[in-house]
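Please keep the sequence and the model in view while reading.

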Amino acid sequence: MSNLTIAIIQHHPAEGAGRIADWASIEGHTLVHFMAPNNCLPRLDEIDGLIILGGPMDVVDCPSWMRAELALINQAVQRNMPILGICLGAQLLASTLGASLSPLKKPELGWQRVIFDNNQLMQVPQWHYQGFNFTDAAVTITASSSLWSQQMFHHQRQVGVQFHPEWDTAQIVQLQLAFGDDCPFNNNDGQMLSAQLQLDTWLNNLLNRMFT
């Protein structure tokens, strides 16, 4: 595997790369970080892939910095660059690919179960109030939940996940410190150790398939 330069696009200081940084260190890849709301975005000719993280914003609001980010994502898709979108990042990628976005009747908060198309079940961290809805046959839905049928999608070399596989225990502590009582995770989440180990294996496998 060659050493890659992968851009991490953040939307909030407390929502970092989490266990993605551990994966990159082990595999010898370089992560470069950009804060989209500060109008800081990568140049596509200087990177080998994109990972777009979550954030507390809504795509429907679409301020000027988000429009610039959407344009960048569209250019990356046109180049068929590997892109992993997570939560808000998945919604931005989905919007670029033609999906509609809808508010959930009940938000997905805290540890929730998703089921993959191979019938694998996994407990995952969730924190979102909207979901993407694809009708395009060129996009494959590969995971669902009881509250929203589209939790993960594949399109060429692009993947979107509505949940947060990057949120390890340390990252969740950062969210608790930043968002206080609004954070849907509590001090009992240490009981989710087995779920975190499963997430770690699952995400490492996904990243190794995507970024090679």
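Which residues have the most contacts inside the largest nonpolar core? In this predicted model, they are Ile-20, Ile-51, Leu-84 and Trp-202, within a core of 39 residues. Two or more residues each are given to this core by strand 1 (5-10), helix 1 (19-27), strand 4 (83-86), strand 5 (100-116), strand 6 (121-133), strand 9 (158-161), helix 4 (169-179) and helix 5 (193-210). Helix 5 contributes the largest share, seven residues.

The surroundings of Ile-20 can be followed in detail. Once neighbours within four places in sequence are set aside, Ile-20 is in contact with Ile-8, Leu-31, Ile-51, Leu-53, Ile-86, Glu-166, Leu-203 and Leu-207.

Attention now passes to Ile-172, a residue of helix 4. Its relative accessibility is 4%, and because buried means under 20%, Ile-172 counts as buried. Leaving out residues up to four places away in sequence, Ile-172 touches Trp-111, Trp-167, Phe-185 and Gln-196. Lys-105 stands 67 residues from Ile-172 along the chain, and 25 Å separates the C-alpha atoms of the two.

Helix 2 covers residues 64-78, 15 residues in total. From its first C-alpha to its last, helix 2 reaches 21 Å, close to the 21 Å expected at 1.5 Å a residue. Which residues of helix 2 are buried? They are Trp-65, Met-66, Glu-69, Leu-70, Leu-72, Ile-73, Ala-76 and Val-77. Viewed down the helix axis, these buried residues fall within an arc of 160°, so they line one face of helix 2. The exposed residues Ser-64 and Gln-78 are carried by the face turned away from that buried side. The cover over the buried residues of helix 2 includes strand 1, strand 3 (49-52), strand 4, helix 3 (88-96), strand 8 (152-155) and strand 9. After helix 2 comes Asn-80, which has a positive phi near 55°.

Helix 3, part of that cover, is itself mostly covered, with seven of its nine residues buried. Those buried residues are Leu-88, Gly-89, Ala-90, Gln-91, Leu-92, Leu-93 and Ala-94. Gly-98 follows helix 3 and has a positive phi near 100°.

These elements belong to a chain with five helices and nine strands. Read from the N terminus, their order is β-α-β-β-α-β-α-β-β-β-β-β-α-α.

The overall dimensions complete the description. For 212 residues, a compact globule would have a radius of gyration near 17 Å, and the 16 Å of the protein chain agrees with this. Along the principal axes, the C-alpha atoms fill a box of roughly 45 × 35 × 35 Å. Of the 212 residues, 52% are buried. The chain exposes about 9,600 Å², of which carbon and sulfur atoms supply 46%.

Key
Residues numbered from 1 in each chain as written. Predicted model: local features only at pLDDT ≥ 70, side-chain atom pairs only at ≥ 80, totals over all residues. Heavy atoms only, no water. Core = buried A, V, L, I, M, F, W, Y, C linked by side-chain atoms within 4.5 Å. Buried < 20%, exposed > 50% of the residue type's maximum accessible area, 1.4 Å probe, protein only. Helix = DSSP H or I, 4+ residues; strand = E, 2+ residues; numbered from the N terminus. Contact = heavy atoms within 4.5 Å. Expected span 1.5 Å × (residues − 1). Arc of directions from axis to C-beta. Rg over C-alpha atoms; globule rule 2.2 N^0.38 Å. Areas by Shrake-Rupley, 256 points an atom, 1.4 Å probe, with all protein chains shown as cover.
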